[in-house]
Amino acid sequence: MKKLLTTTAMAASLSALTLTGCSSTTGTGAIGVDRQQLLLVSSEEVLQMSAQSYAKTIQDARNQRVLDTNTAQLNRLKNISNRLIGQVGVYRPDAAKWQWEVHTIKSNELNAFVLPGGKIMFYTGIIDRLNLTDDEIAAIMGHEMSHALREHSRERLSREYATQTGIGVAASIFGLSQGQADLANVAGDLGLSRPHSRTQEAEADQIGLELMARAGYNPQAAVTLWQKMQRASQGEPPQFLSTHPASSNRIANLQSLMPKVMPLYQKARR
């Protein structure tokens, strides 16, 4: 009975929060990304945190003398970003006016990200180790830009807030022990946070594919990119314990979207 009541209380708390904070941050585009998002945290709060994080990352890299060490590579990324930024209005017109920035960090790490508000960072390892073409760089950049356009960071913070609120309500009402509360947190992570992150990753793949196609970059490069990533990855965790889709599933999903985006690419190339 206690388990049933706890579950009911958590569901009620989450439902109440969901009803007050659901909307969508972007248009649907040609691919048709159309999902209501839980947005309890304001854009302003997320942008402030993002700006502070980016500034610290830039300063740390500058202090270590690993910031923008290859001018030719940086200019290459800026040229690609400019073409992609020119297409963001398809999903949200306001993003064209963001203060976009592009930087690199000299590192062997296979990593890149775009923070809320358009702050782009590439680690040189992902370009050099994978020997990326411009089209493959556009696939990564378009994917990461899509996270920013959809405000996925804001959504994750909102979901975390909702989850912790639900657990807190249940613990206070039903007197859950610390062990029970910890177990509820684990269940929330596996049952809510991680699957939701995989949903976000799939959305970023879809939107990024459309952005790169509209910018004149071959969408097929997204497939070759993840084939390279798959070969570079070792000991990939089971999909249900990962915030990213398994590479094989991701590649299959990307290939299934080609009929929708190849006409956009062909039009852009004319």
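Arg250 lies over the face of Trp226, 4.0 Å from the ring centre. A charge counts as sitting over a ring if NZ of Lys or CZ of Arg is within 6 Å of the ring centre and within 35 degrees of the ring normal. Arg83 does likewise with Tyr217, at 3.9 Å from the ring centre. All of this comes from a predicted model, where local features need pLDDT of at least 70, side-chain atom pairs count only at pLDDT 80 or more, and totals for chains, interfaces and linings use all residues. Residues are numbered from 1 along each chain as its sequence is written, and side-chain values use heavy atoms, with hydrogens and water left out.

Now for helix H3, which covers residues 71–85. Helices here are DSSP runs of H or I with at least four residues, numbered from the N terminus. How far apart are the end C-alpha atoms of H3? They are 20 Å apart, which agrees with the 21 Å that 15 residues should span at 1.5 Å a residue; the expected span is 1.5 Å times one less than the number of residues. At the start of H3, a side-chain oxygen of Asn70 comes to within 3.2 Å of the backbone nitrogen of Ala72.

H3 also has two sides to look at. Gln73, Leu74, Leu77, Ile80, Ser81, Leu84 and Ile85 are buried, meaning under 20% relative accessible area, while exposed means over 50% and partly exposed is in between (1.4 Å probe, protein chains only). An α-helix has 3.6 residues a turn, so residues three or four places apart point the same way. Over on the other side of H3, Thr71, Ala72, Asn79 and Asn82 are exposed.

Arg65 isn't a glycine, yet its phi is positive, at about 60°. Asp68 lies in the loop between H2 and H3 too, and its phi is also positive, at about 50°, although Asp68 is not a glycine.

Finally, Thr124 belongs to helix H4 (residues 124–129). Leaving aside neighbours within four places in sequence, Thr124 is in contact (heavy atoms within 4.5 Å) with Gln73, Thr104, Ile105, Lys106 and Ser107. Thr124 is buried, at 9% relative accessible area, and Gln73 is one of the buried residues of H3.

Definitions and conventions:
Polar contact = N/O pair within 3.5 Å; in protein donor to acceptor, adjacent residues only side chain to side chain.
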